[in-house]
Amino acid sequence: MAEEAPISKMVGVILKHAVEGNASDIHIEPTKNKLRIRFRMMGELYSSLFLPLKIHSAVVARIKILSDLKIDKTRVPQDGRFSAEINGRELDLRVSTLPTTLGEKVALRVLNPEEGLKKFEELGLEGDNLDRVKEITKAPYGLVLATGPTSAGKTTTLYSILHLLNKENVNIITLEDPVEYFMAGANQSQVKPEIGYTFSQGLRHILRQDPDIIMVGEIRDEETAALAIHAALTGHIVLSTLHTNNALGIIPRLIDMGVAPYLIPPTLRLGIAQRLVRQLCPHCRREIEPTSRIKNMIRKELEKLPNSVKRKRLKNSDIEQIKIYKAVGCEKCNQSGYTERIGIFETLTMNDELAEIIAKEPSENEIKEIIQEKGMITMKQDGILKVLNGITTIEEVIKVTGI
């Protein structure tokens, strides 16, 4: 194929394979002997194609042309994007090049516009978590923060909230790095730190654009944090992301970034922490008996949950009859045992007790005690509820929560 096919056709085949396999990322990597193509599917990297090393520079050049990057710049990283229609679907691809000792490596992120329009239930939000997120869409102002590691679905969650808020009578402005999904009716702007257009500078200008709703890709520094808090205090809904391990860590992190503790209770409306787990194929999943260790761990977590939550979210609320499921594999899921990924969540909302303790600059453990008294469902517990309902496996939950 490499000898006969034009390079443009070969790049097209790589993209087609990625889309057909529902890959989120494409890695084009030179090795000592071959050009390796790997796809990330449902969070895992798989080798897909091996091509002759001699076509490496031509493949990279073709991708650079598509994404309007400089072909002759091979010793510094570059970022770009392009759109393509593949199998009848209009997709955006975000491109990043990186010089390595063996040549340029290219990573492409496949951005499906439909991902940003998912309903909350499709994201994996259920029960109290779903109620809290829906409630924020009725708020006149306030700060909404999504937290979690890279590729945990934070932006997709924020876009789902934006989609509900997107009405003719509101002015929505987003500031992103880069713009991941295009949304009709919203004014989307991409930061360019290399020319001084940063999140903090962009946010200053956005506030002069008469916005109702603002989305900032990430709060990275003290200045952006201060501006976001100020915007939320002055009557705007502000959505953004933050890097913490869980929802409880949002408050100490904001204080570390120089936000005065007394400003947090009146501004922070909702904190969302999330991880992505693989969803079991409903056609071939198999019910199994858990080991005694797993059974005890599940029981311990279930005992902490209010009875109302267990009644609402568990098909079988009898914790003495614990059954879990394992992945098997069939034709419908390409023998993987899984279909796609779904989120596990925990949400944090403000209450009087929490507002009172924030003034004392509390630790995560102090916040945890207060929140758990109010019946907060942790990510671990949300994952276990999904395990018992046959949505995912206990191994997936352990992998992302570390239990």
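Predicted model: local features only at pLDDT ≥ 70, side-chain atom pairs only at ≥ 80, totals over all residues.
R313 has a relative accessibility of 6% and therefore counts as buried, the cut-off being under 20%. The partner of R313 is E126, and their side chains form a salt bridge with an N to O distance of 3.4 Å. R313 belongs to helix α11, residues 307-313, whereas E126 sits in the loop between α3 (120-123) and α4 (127-136), so that this bridge links distant parts of the chain, 187 residues apart. E126 itself, at 23% relative accessibility, counts as partly exposed.

E126 has a further partner. Its side chain also meets that of K386 in a salt bridge, again with 3.4 Å from N to O. Because E126 lies in the loop between α3 and α4 and K386 lies in helix α14, this pair ties together parts that are 260 residues apart in sequence. In total, the model has 22 salt bridges.

Let me turn to another of these bridges. The side chains of R278 and E396 meet at 3.0 Å, N to O. R278 is in strand β12 and E396 in helix α15, so the pair ties together parts that are 118 residues apart in sequence. Both R278 and E396 are buried. The two residues also take part in a network of salt bridges that links E44, R278, E396 and K399. R278 has an aromatic neighbour as well: its charged end sits over the ring of Y338, 4.1 Å from the ring centre.

E396 brings us to helix α15, which spans residues 394-401. Which residues of this helix are buried? They are I394, E396 and V397. These residues lie on the same side of α15 because they cover an arc of only 160° around the axis. Among the elements that cover them are β12 (268-280), α10 (292-303), β14 (324-326), β15 (338-348) and α14 (379-388). After α15 comes G402, which has a positive phi, near 75°.

Next, the aromatic rings. The model contains one aromatic pair. It is formed by Y159 and Y181, in an edge-to-face arrangement with 5.2 Å centre to centre and 90° between the planes. Y159 lies in helix α5, residues 154-165, and Y181 in the loop between β8 (172-176) and β9 (187-190); the pair links distant parts of the chain, 22 residues apart. Y159 and Y181 are both buried.

Finally, I come to a threonine. Where is T244 found? It is located in the loop between β11 (237-242) and α8 (250-256). T244 has a relative accessible area of 12% and is therefore buried. Its side chain makes a polar contact of 2.6 Å with the side chain of T147. The T244 side chain also reaches the backbone oxygen of N246, at 2.8 Å. Apart from neighbours within four places in sequence, T244 is in contact with T147, G148, G249, I250 and R253.

To close, I return to the charged residues. E126 forms salt bridges with both R313 and K386, while R278 pairs with E396 and has its charged end over the ring of Y338.

How values were computed. Residues numbered from 1 in each chain as written. Heavy atoms only, no water. Phe/Tyr/Trp six-rings, centres within 6.5 Å; stacked < 30°, edge-to-face > 60°. Helix = DSSP H or I, 4+ residues; strand = E, 2+ residues; numbered from the N terminus. Buried < 20%, exposed > 50% of the residue type's maximum accessible area, 1.4 Å probe, protein only. Lys NZ or Arg CZ within 6 Å of the ring centre and 35° of its normal. Arc of directions from axis to C-beta. Contact = heavy atoms within 4.5 Å. Salt bridge = Lys/Arg side-chain N within 4 Å of Asp/Glu carboxyl O. Polar contact = N/O pair within 3.5 Å; in protein donor to acceptor, adjacent residues only side chain to side chain.
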